[in-house]
Every structure is written in C-alpha cells, then in structure tokens.
Amino acid sequence: MKFKASYANEPFWKESNVHSKMPQELKVLDEIAHNIWWNWNYEATELFKSIDKDLWNKLEGNPVLLLQRLSYRRLESITRDELLMKMINNVYAKFKTYMQEPKRTDIPSVAYFSMEYGLSNILKIYSGGLGILAGDYIKEASDINVDLTAVGFLYRYGYFSQSLSMDGQQIANYEPQYFDQLPIEQILDETGKPMILEVPYNNFLVYSHVWKVNVGRIRLYLLDTDIDLNSEWDRSITYQLYGGDNENRLKQEYLLGIGGILLLNKLGIKKDVYHCNEGHAALINVQRLVDYIQNDKLNFNEALEIVKSSALYTCHTPVPAGHDYFEEQVFCKYMSHFPEQLGISWQDFMDMGRAEPGSSEKFSMSVFALNTCQEANGVSFLHGEVSKKMFNPVWKGYFASELHVGYVTNGVHMPTWAASEWRKFYEKCFDKNFYNDQSNPAIWEKIYQANDEEIWNVRTTLKNRLVKHIRESFKDNWLKNQGDPSKVVSILEKINPNALLIGFGRRFATYKRAHLLFTDLERLAKIVNNPDYPVQFIFTGKAHPADGGGQGLIKQIVEISRRPEFLGKIIFLENYDMRLAKRLVSGVDIWLNTPTRPLEASGTSGEKAEMNGVLNFSVLDGWWYEAYREGAGWSLTEKRTYDSQQFQDQLDAVTIYTMLENEIIPLYYSKNDKDYSSEWIQYIKNSIAQIAPHYTTKRMFDDYINRFYNKLAARSKELAANNFSKAKELVAWKENVASHWDEIEVVSSNAKDTIFNSGIEIGDELRASLVLDKHGIEGDLGAEFVRMHVDAETNREIIKVYPMHLDKTEGNILYFSIALKASEAGSFKVGLRIYPDNKDIPHRMDFAYVKWINI
C-alpha cells in the first residue's frame, strides 16, 4: 500500500494561561481589579497606573490584564515599596468601606434588563448611547445603594472596532474577547463546575454559561452561549451585539427575556420592579406570565394584572422604524409553544404585539412591552411627547396628549465622566460629600466663587492631554491609511491646543447630520484658517455596518479633512469608544450636536461634556431642549422653518457659521492680560452651576424612583396581597365590562341642543345632561365632553376634557350633567365619550375601553 507523505487533521486548541503568582499582600489588588468600582474612582486608576504606567496605557487601562502581565519580580518589588503599599492599603480601605454599607430598604428592589452595558472600554458589551446609559445607570444604583440586579449578554466579539481604509471607508473589525482577561467572574454550580442555564426554545434547548460583573455593590449577570454544548447555530447568539439577521435578533431577545427570567429564578432572585431598557427585553414578561400561571395557578388575565403592575418599559427610540418588528412566520418559529402555556390562542398572543389587533401587522416588541408594562417612559421631556404620538395607535380612544407615557430625562454618571482634574476641583470647591447630593443645584452654585484662572488651568491641562493623546495614539494608523507621511506630520504639527477646539462624537446615523458643518466649504475654510483666531474641529464616531448612508458621511468627512485648506483643521479620529469619548468630552472647548428635530431622543454626550466645563452648541432637541440656558451655551431653535429638510439643513448650517463668526469665536478670543477670556469662564461657570446638577444619573435615578418605581412596587404589593385577591377582583370587573361593553345604551341627552349648538357666543352658559343604561356592567362609568382644535402656529391638536358629573344612579341607569361657560372664540370639534371608571386602575390606558357617542 502506498501511504501519503503527509497526513494530519486540524489541531484542537484549548486555552491555557500562565499568570504570575500573586503575593499574599497584593491579593487585594486582584479583588479591586475584579470590581468595576475602580473605573469611577480615580484613586484606584491612579494606583494601577503607578504600578506600571507604560503597561497600563498599552493594555488600555485593564487592571486584570495588568496584574497578569506583571513579572513576579515586579510584584515582589511592590511589596517592598512602602509608599506604594500605603497607597494600595488606602484604596482598599476605601473600597471595603464602600462595599460594606448595607442596602437601602426605602427604595424598591429592581431587576434591570438591557442588551448592552457600557461600563468600561475594556469590557466590549456596548455599542453606543443605550449601553453607556445602562452602564451609568447601574453604577449610580451602586452609589445610592439600591437593591438592583442587572441582566445582559457577554458577547464573544462585542461591537466592532473601527479602522479606515486609504480612501476613508469604514472597516468593521470583530475582535474576540478573552474572558479570563476581563473584570468578570464565572458563576459556578454547587459542584464547582460552570453553571449551565438551560433555556427551552421551541423544540430545542440552548445552553448558556453565566458570568458576573461586580459593578460596585451591583451584580450584573451576563449570558454566554459560546459553549460546546450548543450547535454552531446557537453558539453565535452571543457572538455580536446587534449582529446577524432579524431571526438572530429574535433569538437574542428570546434569550435576554425568557433566559433572563429563568436565570433569576435559578439564582433565587425576585424583585419588586422589572425594568425593560428598550423593547429588546420585552419577552421577560412572557416568562413572568408563565411563572405566575404555573406556580401560582392564576389564569392569564390575573397573571397579566400582576405582571403589568410591577413592569416598566423605557423607550429610547423616537421613530417607529427604529423599533423591533418580527414577521409572524419567524415569530411563530420561536414562540408558538407559549400560547398553550398561557391559556390563550395564537391570535391573542400575536395581537399583544400589534397596534391593530386582528390585523396582519408584524409583531412589535415595543407594543408588546406597552401591553405588558403598567408604566412606560421616554428619555427626555420632548422624547416623551414624541413617544406619546408614536404610541397613540395602541390606544385609539384617546389623544396623544392624554396618554400615560411619561419621561425621565437621561443623565450621566458624573464620577465616571468628569475628568479626575475636575473631580478634585469640585471636591475642593464643594467638599467630597457632594457626591451623595450631586443633583442639588445649591451645591454647584459655589462654582461662582471659584478662581477664574484655576478653572482655565484645568481646561488647559485637559486640552493639552487630548492633543497629546491624539498625537501619540493615532500617528501609526494615520501613517497606514493617509498614504503620504508628510501629510501625517503636517496634521500632527497643526493640532493646536491653544485653538478653539470643537468636538463632534456620536453614532454616524444620517439624522445626526454630521455633514451640516460642510454645507459651505469656502465659508468653513475662512473660519478654520484665520491665523488670529484658530479653530479646529474634531470628529469621531462609528456607523452601523449595515448603514451605508452613515458610512458615506464618514468617508465624506475624511475626504474633506485631507484637502489642503482643512489639513490639521478638520480631524477624524477612528474607533470611537469610551476611552476616547472621555478624552474628547473633557478636552474640547465646545461640544457640537446637530440632529434633525425631533429625532434626538435624549443624547448624553453633551451631558458628559457639561461635567467637564465644556460648553454645548446644539439643536434644541433631546436633553438640550430642557437644559439650554442663555449665557451657558448656544442653541439652534427647535422650530422648523422649512418643510423641506434640504432647505432646513442649509438654514441651520448658515446659522452655525454665523454664530461661530459673530458670537462664539469672538467670545473665546476676548482674552485678558492672563491669556484667557473672562467672559468664556463666566459661560463655563453658568454651565456648571445652572445645567450640570440637573443631568446626573443621581437626579435621573431619583426621578425613576419617584415617578415609577415607588408606585409600581406599592401597587404590585397591593394586588398580590391575600393570594392576589385584589388582582382577581379587578380582573373580574374588567371581564364583566368587556363582555357587556357593546350593550351600553344612551337613553337620552340634550347635548345636541346645547354644547353641540353652532350658535354659541362667549359668555353663554352651556348645560347638558346624559342618561345611560349600562345594562349588565358592574361598577361605574364615566362620561366627558372633549373639545379639540388645531393651533394655527404650531399645527398641534389642543385637547380639553370636561368631565360630566354623575348625579345619581338608579339600578343600571346613570344620570350625568355638566355646566360650562363659553370662554373662547373659534371653531372647535366637540365630542362625547364614555369609559369604565374604577379607582383601582392606575390610568385609563390600563383598560382602554372607550365609546364615543353620536348624539
């Protein structure tokens, strides 16, 4: 027999890691490194940096990997360094004091679910604003010591790293995370082996490892399907954040929702409130329904009453197209086994995710969340109003302005995003205890007593640090993709820390209008090339790999930045992440934001800039609509002048150029003999005093407690008491009303001759009566007149509601009356509607039965 000269199969590799043995005295360092607390405590980061500054920077600030890479000789030398050991012991003492404080019991406990969390640049389980917000939120939960447990995913590849080709095209690079090098811990079972969570999909099981991130006092549990027990098809569920097709997205949301609740069940964790951070997490309520039906023997309606009463849905998306929708065929593939467990039909189940029940609409996660959560909110005042209009089709009997959808304006975790120089400055001006009351404006007003020169020195330090970072961190990449080394040298030389630096950093979606500044290149060239008043613009951001328009914007800006007149004056920094973001929001002078109105749900990058004495120049949209104060930043009006977006863009661009030329640049360069502008410092002081305290996560978390968590926890407890007696009573009433609703009869009314009369004059007294026969309906009904007109200036519908008084009840007959005085002239639409009235429902949308009466 002839044998082959070479014959071998592919090698099988397993990870094997060799780490330095940690001396006993230094094991506290490993404990600190495995808690994200170090990320927002500058004493801790300064400690790790002092151990080996070059290695710390090379590893992008990863303390776990730092300790693994240190030689045993270096570790031993640390134990002999008295100053360093004292520093270690001081930081550890502060950490232990923080960790040992008992949980507060005056705040409801919370289970929090999100697809992404931005905690640190080294833990790549975030893509942008939604994740950064979630990360900031659970950091704040730790600081105020709330009993909160969070659930998410540990992505093998996370979100992509960005590089640019020679012609400026974005390249998405998916780099694997090595879990043993991250500040995470694997959850083990009682035998000491990795815990396996079994998640039953339709006709098959998906297996998941579970990891824990210690975020101060908070535990964040992450699911990981990249294990041998799963098929290749299922291992990839947690490969990439927002990766794959629509079906993979459904598999991810199934794992987060169904798997997330099964995980908490397995860990024995039960909370007062269940908070869905976006519609991605809506399926938590499917599993919660199943649990109440199977474990507590409730029927579907009773279980739904309980689930809703403790659930909150936070929407971050201002347009319907941004929400998740699934075709019925795909949804059925994964969810068809649930209706039987719930005791309802497939049609009923699908209709829970449709604004128009009985239609052929796709299943909307957002609609399902609205139908299974008692409360819902947008993430700024303006976004709350936009969300009401967006969700109005779910409750057709009411107008958008009447909906229960509320808002909590997003904030940022100040200790994370304020540079250590600013934090030390605040501690000196305010005192260290201000962190416990950082949303108190009276504390921040002390900034007015601060020395102008000290503020300018902080700003100058941070500007120089940003420029140094750009020169050191981007030189090699620019040499690779710029082509001409002399151009790179020219760019590096022209970056000027003494210039007015304007930053723009965010996701490159077309509605963010990153192109706006480049509408008139000739005028822009004059602005950036004025030798007496130099101005430089720094851009950064990623476009979703599927967003061709966003990638095209990046390419356009890169191309413009390479033109001779803009070289070194317009700069694009690649691979925007949390580390670069912190450099930018603390190192530029102005933070520019130009979204299309009203598509900015909140926007938090400008809030981060606020914490660093950086002034905002933004469209009055999202958070800036509420935050803007004259003399503390600049704004573009929220009002549209043109219906044409092209014309509106041109007008906004002209406004930006004009404000830069006539207001902002002259203000910055009106310098005194100390080489800074006192007027500019006053703007900084106004910004810090009047805006910053209102946009921290401390204020944000307080709002969630006061507006949602407290009332959800109280009502849920009331409904569940005495074997769910109140919930069962409420369901019985709703079922009665629903079964007899169409039987309601108008016996008589004189409204046609009074309120609906076309000959009314101002001052007329209008009286009307209504008699209803409710037939088999138990409990009360309400009746009200609704007046509507369209405001000529804003084109908004103005709704006024006038409740009728229930005078008496005789059996099933209800007698209502109303007396009004005509006080406004104009043309109005007037209607009469009735609704079921029960003090035990939290709001009308909870049971949105409405009958409009044709008199």
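## Aromatic pairs

Tyr426 is buried, as is Phe430 (buried: under 20% relative accessible area; exposed: over 50%; partly exposed: in between; 1.4 Å probe, protein chains only). The model is predicted, so local features need pLDDT of at least 70 and side-chain atom pairs count only at pLDDT 80 or more, while totals for chains, interfaces and linings use all residues. Residues are numbered from 1 along each chain as its sequence is written, and side-chain values use heavy atoms, leaving out hydrogens and water. The ring centres of Tyr426 and Phe430 are 5.4 Å apart and the planes are at 5°, so this pair is stacked (rings of Phe, Tyr and Trp, the last by its six-membered ring, pair if their centres lie within 6.5 Å; planes under 30 degrees apart are stacked, over 60 edge-to-face, the rest tilted). Both residues lie in helix α18 (residues 420-430), four residues apart, about one turn of the helix (helices are DSSP runs of H or I with at least four residues, strands runs of E with at least two, numbered from the N terminus).

The structure holds 57 aromatic pairs. For Trp37 and Phe95, the centres are 5.1 Å apart and the planes at 55°, so the pair is tilted. This pair links distant parts of the chain, 58 residues apart: Trp37 is in the loop between α1 (27-33) and α2 (42-51), and Phe95 is in helix α6 (residues 82-99). Trp37 and Phe95 are buried. Ring pairs also link Trp456, Tyr533, Trp634, Tyr668, Tyr669, Tyr676, Trp680 and Tyr683 into a cluster.

## Charges over rings

Arg288 lies over the face of Tyr274, at 3.9 Å from the ring centre (NZ of Lys or CZ of Arg within 6 Å of the ring centre and within 35 degrees of the ring normal). Lys608 lies over the face of Trp417, at 4.9 Å from the ring centre.

## Strand β9

Tyr274 also has a bridge partner, Ala111, through β9. Five of the five residues of β9 (residues 273-277) are buried, so the strand is largely enclosed by the rest of the structure. Both faces are covered: Val273, His275 and Asn277 on one side, Tyr274 and Cys276 on the other.

Strand β1 (residues 110-113) runs parallel to β9 and is joined to it by four bridges (strands pair if DSSP finds at least two bridges between them). β9 also pairs with strand β10 (residues 311-314) in the parallel sense, over four bridges. In β10, Thr314 is the bridge partner of Asn277.

Phe331, Tyr334 and Met335 are buried in helix α12 (residues 328-335). Seen down the axis of α12, its buried residues fall within an arc of 85°, so they line one face of the helix (the arc is that of the directions from the helix axis to the C-beta atoms).

The structure holds 45 salt bridges (a side-chain nitrogen of Lys or Arg within 4 Å of a carboxyl oxygen of Asp or Glu). One of them joins Lys333 and Glu247 (2.6 Å, N to O). This pair links distant parts of the chain, with Lys333 in helix α12 and Glu247 in helix α9 (residues 246-267), 86 residues apart. Lys333 is partly exposed at 46% relative accessibility, whereas Glu247 is buried at 17%.

Asp351 and Arg354 meet in a salt bridge at 3.4 Å, N to O. Asp351 is buried at 15% relative accessibility, and Arg354 is buried at 3%.
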